[in-house]
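Work through the exercises below with the structure open.

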Amino acid sequence: MSDSVKVFAPGSVSNVGCGFDILGFAIDGVGDEMIICKNDQHKISIQAVKDYEDLPTDPKKNVAGVAIQALLDDLGSDQGFDVEIIKNIKPGSGIGSSAASAAGAVVAVNELLNKPYSRMQLVEFAMKGEEVASGDVHADNVAPATLGGFCLIRGYNPLDVIHIQPPNDLWCAVIHPQIEIKTKEAREILSPEVSMKKAIRQWGNVAGLMAGLYTSNYDLIGRSLEDHIVEPQRKVLIPEFDELKLSVMEAGALGCSISGSGPSVFALANGKESADVIAAAMDTVYKRTGLDYKIYVSKVSEGGVKIL
């Protein structure tokens, strides 16, 4: 059995328009790499992350350390691990930075311990790490990062994750303005109350999106990618959001919305060619802002964390 393993932990898009806090999908285009090794000190050691010195190395405060400890506690093990994180997803990006590290950590440790847990079981441990970053237990990023594809979080007590394989030619373009929006702060601006009229429209869209994914009905997926509740409140945090959304829809996007808490914005597309055109439209809008940004074009990932 190996004493070390390297993994690729994918980024993820959560909320997916109408699915606030209950829906997410994994993307192949960007992710963290992690190298995890067993040690004989019976403790978790987190190396300082290059270019992100402000990320905690205390395993009780680091998402990877907390997720690993949750797994070890459940297993009743005192095995120690050294954790190196090659951070390719900027914290606060809205594409699952903390979730990638938490998911990658538990998949790697599970591999080194001869796989005592299924991928679905690992989601619960990764959630413990995600809680450190967001202040709340939620799985709409860690589930797709761990399992791949789309994940619907039906409930938490007990955790009930429905895993959905994406349609074969579903692609995603994501623009990440190089500004930071903290998840906690983005939650604070949301109204605690929702009108019945908006709720009914939102429920219809969630149901329509699920039906579209299961039947590979791209038109239905596009019609259902509408958020009447969260996007109108959060879009003020993202520069040129309205112009960006209008441009990508005119460029042929199935739908467009905020990724997670932002500032990233995603658009779904039928095929790579369409996704490339949408990415070009994103680039045109943001060239005028003077802001730094990155654009990723990726097929919606069919797998989650990969062993390298």
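**Exercise 1.** Describe the second largest pocket by its volume and its lining.

Solution. The second largest pocket holds about 280 Å³ of space. Its lining has 15 residues, and F20, V194, Q202, I229 and V230 are the closest to its centre. A pocket is an open set of points on a 1 Å grid over the protein atoms alone, where a 1.4 Å probe fits, with protein on both sides within 12 Å along at least five of seven lines; lining residues have an atom within 4 Å of a point. By kind, the lining residues are ten nonpolar, four polar and one charged. Helix α6 (residues 196-215) gives the largest share, four residues; helices are DSSP runs (H or I) of at least four residues. Domain 1 (4-165) and domain 2 (170-299) each supply at least three residues to this lining.

The model is predicted: local features need pLDDT of at least 70, side-chain atom pairs count only at pLDDT 80 or more, and totals for chains, interfaces and linings use all residues. Residues are numbered from 1 along each chain as its sequence is written, and side-chain values use heavy atoms, with hydrogens and water left out.

**Exercise 2.** Find where the largest pocket lies relative to the two domains.

Solution. Start with the volume, about 810 Å³. Of its 42 lining residues, P91, G92, S97, S98 and A133 are the closest to the centre. Two or more lining residues come from each of α2 (97-112), α3 (119-134) and α5 (183-188). Because domain 1 (4-165) and domain 2 (170-299) both give residues to the lining, the largest pocket lies between them. The domain bounds come from an automatic or database domain assignment.

Conventions:
Grid points are joined across faces, edges and corners, and a volume is the space filled by probe spheres set on the points. Ala, Val, Leu, Ile, Met, Phe, Trp, Tyr, Cys and Pro count as nonpolar, Asp, Glu, Lys and Arg as charged, and the others, Gly among them, as polar.
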